[in-house]
Amino acid sequence: MNKRLATLCACGFALGLWNNLAYADDGVEVHLPRVEHDWMTAREMATTTRAMGLANNMSTSASGTSAIYHNPAAIASAMMYAIDAAYYYDNADSGHAGQINIVDMKSNSYVGAGLGVHYQYAAPNDHSRHYVSTRLALAVPLAGNILSLGVSAVYNYMKYNGDKVVSQFTMDTGLVVRPLDWISLGLSVQNLIVGNHEDWMPRMITAGVAVGSLDWGVSVMFDASFNLSANEIAKTGSYGAGIEYALKNIVPIRLGYRYEESNHHVIAAGLGYRHDSGMIGVDLAYQHHFGFENDLFSAALSLYF
């Protein structure tokens with residue numbers, strides 16, 4: 001393992017250790033029911049600005065930093081260094097969030113790595129919430145990059161109104177198959193280790209397909225997710241689609257729709273800019289949740305080469 005990858009792994013270990021030490025004296029952990037309008041959970045906020053503009057339908061096409069959250073195997077889909085910083089705002093919960101992500105698939109062509117750190121604060125109905133998530137992902141391309149496998153270690157911590165609600169280590173895993181240059185099939189499982197937090201961190205399985213290529217300048221993606229922690233898994237289905245069109249390969253335009261259980265509909269739109277030198281990117285995203293009446297906004301700045 002070369003120096004860059006070793007450094008990234010060391011940073012991930014240090015951040016996870018910091019999370020545990022920083023909150024070690026929070027007292028007895030309490031278990032509260034999931035807040036109805038709470039987008040600030042491990043499930044909803046496992047995303048990036050680019051993915052948010054596609055209604056989070058990125059289990060297969062999540063190249064770059066989005067792969068850290070949607071499918072770690074997809075890190076191997078692009079030979080690149082990438083770093084981005086993002087800001088999120090939720091009007092319903094007066095929620096603010098910051099995120100920074102790093103991906104390296106260039107240092108070692110046999111294994112890629114990604115590191116993501118996310119912090120959120122919200123104060124809905126005079127009850128404050130804090131959420132911290134640290135993710136370290138690894139991906140391995142196989143069979144000439146036709147198949148890639150990935151795994152990520154995740155530490156989630158949440159406080160609600162001063163009480164610790166979640167303090168849990170978990171893992172995600174995934175695979176991506178590319179039988180042709182213009183089609184990809186993906187499968188990912190989130191929260192392999194649930195512990196006592198099934199309401200906040202349910203074990204999810206997501207399958208998806210993406211059709212498109214850089215040569216076409218357009219990609220279309222479809223996702224279906226199910227809650228494996230539920231008693232009736234079939235009734236927890238979540239389905240969505242997104243489309244990303246790169247205008248002159250400089251301005252990506254994104255649209256997405258997702259249906260969640262309990263008659264919850266999500267529409268999304270995103271816009272980006274990629275400098276023609278291929279090193280600087282800006283992304284904006286908006287989501288409206290009809291079931292919860294949330295409006296979510298995000299902006300991100302990225303460097304990639």
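**View 1. Tyr-286 and its aromatic partner Phe-297 in the predicted model.** Tyr-286 is partly exposed, because its relative accessibility is 30%. The class runs between two limits: buried means under 20% relative accessible area and exposed means over 50%, with a 1.4 Å probe and protein chains only. Phe-297 is also partly exposed, with a relative accessible area of 39%. The two rings form a tilted pair, 5.3 Å centre to centre and 45° between the planes. Rings of Phe, Tyr and Trp (its six-membered ring) pair if their centres lie within 6.5 Å; planes under 30 degrees apart are stacked, over 60 edge-to-face, and the rest tilted. Tyr-286 sits in strand β13 and Phe-297 in strand β14, 11 residues apart, so the pair links distant parts of the chain. Strands (E, at least two residues) and helices (H or I, at least four) are DSSP runs, numbered from the N terminus.

The model is predicted: local features need pLDDT of at least 70, side-chain atom pairs count only at pLDDT 80 or more, and totals for chains, interfaces and linings use all residues. Residues are numbered from 1 along each chain as its sequence is written, and side-chain values use heavy atoms, with hydrogens and water left out.

**View 2. The aromatic pair of Phe-226 and Tyr-239.** The structure holds 4 aromatic pairs. In this one, the ring centres are 6.0 Å apart and the planes stand at 85°, so the geometry is edge-to-face. Phe-226 belongs to strand β9 (residues 218-227) and Tyr-239 to strand β10, 13 residues apart. Phe-226 is partly exposed at 24%. Tyr-239 is partly exposed at 40%.

**View 3. A salt-bridge network around Arg-254 and Asp-283.** The network links Arg-50, Glu-244, Arg-254, Arg-274 and Asp-283. A salt bridge is a side-chain nitrogen of Lys or Arg within 4 Å of a carboxyl oxygen of Asp or Glu. The structure holds 7 of them. Glu-244 meets Arg-254 at 2.6 Å, N to O. Asp-283 in turn meets Arg-274 at 3.1 Å.

**View 4. Asp-104 and the backbone of Lys-106.** Asp-104 lies in strand β2. Its relative accessibility is 8%, so Asp-104 counts as buried. The Asp-104 side chain reaches the backbone nitrogen of Lys-106 at 3.0 Å.

**View 5. A nonpolar surface patch of about 830 Å².** Its members include Ile-83, Ile-100, Tyr-273, Met-279, Leu-301 and Phe-305. Patch residues have over 30% relative accessible area and no salt bridge; nonpolar side chains (Val, Leu, Ile, Met, Phe, Trp, Tyr) are joined within 5 Å, like charges within 9 Å. Areas come from the Shrake-Rupley method with a 1.4 Å probe. Strands β2 (95-104), β13 (280-289) and β14 (294-304) each give two or more residues. Ile-83 is found in strand β1 (residues 81-90). Ile-83 is partly exposed, at 34% relative accessibility.

Technical notes: Polar contact = N/O pair within 3.5 Å; in protein donor to acceptor, adjacent residues only side chain to side chain.
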